Amino acid sequence: MKKQLVSIALTGTILAGGSFADMAFVQAAGNGPDYQGHETINTSILHTYSEMVDYLEKQEKKQTYMELEVIGKTVKGRDMHLVKYMQNPKNPTILYITQQHGDEALTTEGALDFIKQLGTGKTKGILENVNILFIPMYNADGAMGDVNYELEDYAASGDRHLTRLNANGADLNRDHEEKTQPETQALHNNVLQKYDIDYMIDLHHQGAQWVKDGKYVSGAIFPSHPDHTAPEVLQGSKQLGAVVYDAIEPKGWGHLANYAGKGSAYDNGISVYGLAHDYGISTLLFEMRGTADNANDFEVLGQKSNGYLKKQAVIAMDSAARAVADGTINEKDISFWDDLPVQEERPY
Ligand SMILES: [Zn+2]
């Protein structure tokens, strides 16, 4: 009851141009402010491609165990980077992919934060027991809005638009079977076939309109497909989901649902399915709430939610790496999946 009163009061404050502290409270409730054409979304607060490369090169110089490798080029000729921490090839290996869809940017922002953390005492001991690979900003052309088609009526302001598809207009997360795009070929030829990868989290954003138990979700998770995945791989996939769920759900803003729904028809071109099937990788799809730019207002989320969403991405990556490193992932109970509600759509 008290909570309801507070939120009504806050709505009034927001309309009157509320303070930052009020906004922080709204986020903490997991109901971050929406956009709907009346909130600021400025893409210039996100790393550009070249800012990201500068950042990674600086981190590589600072960090003993970090290696930066170019695995290929995007359609527009941007180098695709693999960030590698591989102290012992015999250790289990986890891969994080961010921004296969170019407008799903806070996944990359979170990865950059986590990469920085890996160079500090905060993650001491982890890298001795797990190998970590990142492909940040996988769809760099889409992320920079540098594409061979028009981007009309996009919501964000700033120096560029961000868009889902690659420069050719291909959905990279439907291309893992056919592998028609240079980005896909780089990933498969120079990463998936080259390294023995055990786990993978594919980090995305979904629309802002999804709810669980009547409350907007902070994100949604999804394991590999039960009918197209080896049982032990599926088990690992669900355990990876359990690790992430247990790390995020207790946070004040954490509210995760099962992603199942429109995306649950089997398609080997989707990484969460195809990589599990073709390479025996225990995969997890993780969808954060709201995209950074879109032509549909209901897809995007005001940038005031960036803080907790970025943190959510960091916690997902950090908790997974730790659980793989210390082996606790193998003890994770997967029964929560049976009770995890499937998210429902509530357009606003
Ligand atoms: Zn996506």
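Me: Happy to look at this predicted model with you. Why is Pro136 called buried?

Reply: Pro136 has 28 other C-beta atoms within 10 Å. The cut-off for a buried residue is 20 or more, so Pro136 is called buried.

Me: Where does Pro136 lie, and which residues is Pro136 in contact with?

Reply: Pro136 lies in the loop between β4 (131-135) and α5 (140-143). Leaving aside neighbours within four places in sequence, Pro136 is in contact with Met52, His81, Val83, Thr98, Thr108, Ala111 and Leu112. The C-alpha atoms of Pro136 and Val53 are separated by 9.8 Å, and these two residues are 83 apart along the chain.

Me: Which UniProt annotation covers Glu287, and where is Glu287 placed?

Reply: The annotation "active site", from an unreviewed UniProt entry, covers Glu287. Glu287 sits in strand β10 (residues 282-289). Beyond neighbours within four places in sequence, its contacts are His204, His205, Gln206, Gly219, Ala220 and Tyr259.

Me: His204, His205 and Gln206 take us to β5. Why is strand β5 called largely enclosed by the rest of the structure?

Reply: Eight of the eight residues of β5 (residues 199-206) are buried, so the strand is largely enclosed by the rest of the structure.

Me: How do you know that both faces of β5 are covered?

Reply: In a regular strand, side chains alternate between the two faces of the sheet. On one side of β5 are Tyr199, Ile201, Leu203 and His205, on the other Met200, Asp202, His204 and Gln206, and all of them are buried.

Me: Which strands pair with β5, and in which sense, parallel or antiparallel?

Reply: Strand β3 (residues 93-98) pairs with β5 in the parallel sense over five bridges, and Ile94 stands opposite Tyr199. Eight bridges join β5 to β10, also running parallel; there, Gln206 stands opposite Arg289. Two bridges are enough for strands to count as paired, so β3 and β10 both pair with β5.

Me: What makes β7 and β11 edge strands in their sheet?

Reply: The open sheet of three strands has the order β7-β6-β11, with antiparallel pairing. β7 (215-216) and β11 (344-345) each have a single partner strand, so one side of each is left without a neighbour in the sheet. Strand β6 (residues 210-212) meets β7 over two bridges, and Lys212 stands opposite Lys215.

Me: Which residues touch the most other members of the largest nonpolar core?

Reply: Among its 80 residues, they are Ile94, Ile221, Val244 and Ala320. Helix α9 (residues 306-326) gives the most to this core, with 10 residues. Not counting residues up to four places away in sequence, Val244 touches Ile221, Leu284, Phe286, Ala316, Ser319 and Ala320.

Notes. Residues are numbered from 1 along each chain as its sequence is written. This is a predicted model: local features need pLDDT of at least 70, side-chain atom pairs count only at pLDDT 80 or more; totals for chains, interfaces and linings use all residues. UniProt positions are given in the numbering used here, feature names are shortened, and annotations may be inferred rather than shown by experiment. Helices (H or I, at least four residues) and strands (E, at least two) are DSSP runs, numbered from the N terminus. Two residues are in contact if their C-beta atoms, placed from the backbone, lie within 7 Å. A residue is buried if 20 or more other C-beta atoms lie within 10 Å of its own, exposed if 12 or fewer, and partly exposed in between; C-beta atoms are placed from the backbone. A nonpolar core is a set of buried Ala, Val, Leu, Ile, Met, Phe, Trp, Tyr and Cys residues joined through C-beta atoms within 7 Å.
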